[in-house]
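Please keep the sequence and the structure in view while reading.

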Amino acid sequence: MTAPTYQQMIFVNLPVDDLDASKKFFTELGYSINPQFSDEKAASVVISDTIVAMLLTKPFYASFTKKEIADATTTSEVLICLSAESRAKVDELLEKAVAAGGTASEQVQDMGFMYGRAFDDLDGHTWEVVWMDPAAVEG
């Protein structure tokens with residue numbers, strides 16, 4: 001029997017103004033909150049088995065850095081890109097984000113083999129959602 005293969009994970013830490021509102025926003029997108037790593041200062045949003053968004057209150061986030069916290073509504077500090085299994089899933093997630101209070105931030109990017117859209121969450125963090133034709137990726 002062989003040992004399981006290690007899967008590297010990504011934890012995206014994001015400062016938020018209103019933790020409860022942000023938790024509600026992400027659960028309305030269909031993601032879950034892991035209570036084991038959540039409290040009054042942070043929420044662990046499970047996006048997939050290998051992707052977790054850590055929503056941190058701004059004072060808590062500030063305890064991890066000496067840098068000024070960017071105002072994501074006026075400054076771009078990061079573009080987070082998630083893959084989607086189809087064009088329809090790209091549109092579905094964008095529609096859920098807008099319905100939950102997010103803002104569509106870019107026009108549709110349709111290159112035939114690749115299709116993407118983007119939204120800003122409640123704190124202005126930009127999330128891109130992209131589908132790529134598996135045949136095009138294989139080359």
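## Terms and basis

Helices (H or I, at least four residues) and strands (E, at least two) are DSSP runs, numbered from the N terminus. The model is predicted: local features need pLDDT of at least 70 and side-chain atom pairs count only at pLDDT 80 or more, while totals for chains, interfaces and linings use all residues. Residues are numbered from 1 along each chain as its sequence is written, and side-chain values use heavy atoms, with hydrogens and water left out.

## The largest pocket

A pocket is found on a 1 Å grid over the protein atoms alone, as an open set of points where a 1.4 Å probe fits, with protein on both sides within 12 Å along at least five of seven lines; its lining residues have an atom within 4 Å of a point. The volume of the largest pocket, about 330 Å³, is the space filled by probe spheres set on the points, which are joined across faces, edges and corners.

Helix α3 provides the largest share of the lining, four residues. Both β5 (79-83) and α3 supply at least two lining residues each.

## Helix α1

In helix α1 (residues 19-28), L19, S22, F25 and F26 are buried, that is, under 20% relative accessible area, where exposed means over 50% and partly exposed in between (1.4 Å probe, protein chains only). Seen down the axis of α1, these buried residues fall within an arc of 120°, so they line one face of the helix; the arc is that of the directions from the helix axis to the C-beta atoms. The face turned away from the buried side carries the exposed residues D20 and K24.

The buried residues of α1 pack against β1 (10-16), β3 (42-46), β4 (51-57), α3 (87-99), β8 (114-120) and β9 (126-132), with contact meaning heavy atoms within 4.5 Å. After α1 comes G30, which has a positive phi near 105°.

## Surroundings of S38

S38 is located in the loop between β2 (32-34) and β3. Leaving aside residues up to four places away in sequence, S38 touches I33, A43 and S44.
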